[in-house]
Amino acid sequence: MGRPHHKFVRLLVGGGIVAAVLLAAMVWLDRPLRTAAAPRGIVSFELAGSCAAARNIIESWKPAGRRNAALSLWLDYGFLIAYALVLALLCGYVAASWPDRYRGIRRTGRLLARSQWVAALLDAFENVILQQILAGATAAILPQMARWAALAKFTLIACGGVYIVLAGGYRFLRRCER
């Protein structure tokens, strides 16, 4: 892996710091959201999948918990930009580190870099839906849409992370052997 450009490093470090700060705030806000109805806090709400499950979760949160959930969903808009930036930069960097003869690995990395922005769009879409549900919307399709957006988002993020660890880790180890 070649030496990264200063702008790349600044974007990566800046995005990483923003993501870490927002994640810490959202984890703190999530603590009171972990109830019997929502054992995984806001993630349980994202994956509820039905009006009944979403309603049970919201009711288990009480007013203070609902305020935490609303604030967490607003903070997530900044977080989704930061994590998409960091993951896209890392996927792109790892892809560029592979020699030209490994076109498939390079192409996969570039595709996964772009897919992190798709994950961010899915996350934003999911947030809008969850905010509507939190505000009292009862359309049966909303929790289903939020669930599918969340599952697709988590899948794309996981694929990017696996690529960074496996393809990047392999390239790093190969360079260390030289």
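The following exercises, with worked solutions, concern a predicted model of a protein chain.

**Exercise 1.** Determine which elements the protein chain contains and in what order they run.

*Solution.* Begin with the count: the protein chain has 5 helices and 0 strands. Next, follow the elements from the N terminus on; their order is α-α-α-α-α.

**Exercise 2.** Describe the extent of the protein chain and the sequence separation of its contacts.

*Solution.* Take the extent along the principal axes: the C-alpha atoms fill a box of roughly 60 × 30 × 25 Å. Then consider contacts between residues at least 6 apart in sequence; of these, 75% join residues at least 24 apart.

**Exercise 3.** Locate D123, decide whether D123 is buried or exposed, and state which residues D123 is in contact with.

*Solution.* Step one is location: D123 belongs to helix α4, which spans residues 103-134. Step two is classification: a residue is buried if its relative accessible area is under 20%. The relative accessible area of D123 is 2%, and therefore D123 is buried. Step three is the surroundings: when neighbours within four places in sequence are left aside, D123 is in contact with D76, L80, Y83 and K153.

Terms used. Residues are numbered from 1 along each chain as its sequence is written. This is a predicted model: local features need pLDDT of at least 70, side-chain atom pairs count only at pLDDT 80 or more; totals for chains, interfaces and linings use all residues. Side-chain values use heavy atoms; hydrogens and water are left out. Helices (H or I, at least four residues) and strands (E, at least two) are DSSP runs, numbered from the N terminus. Contact means heavy atoms within 4.5 Å. Buried means under 20% relative accessible area, exposed over 50%, partly exposed in between (1.4 Å probe, protein chains only).
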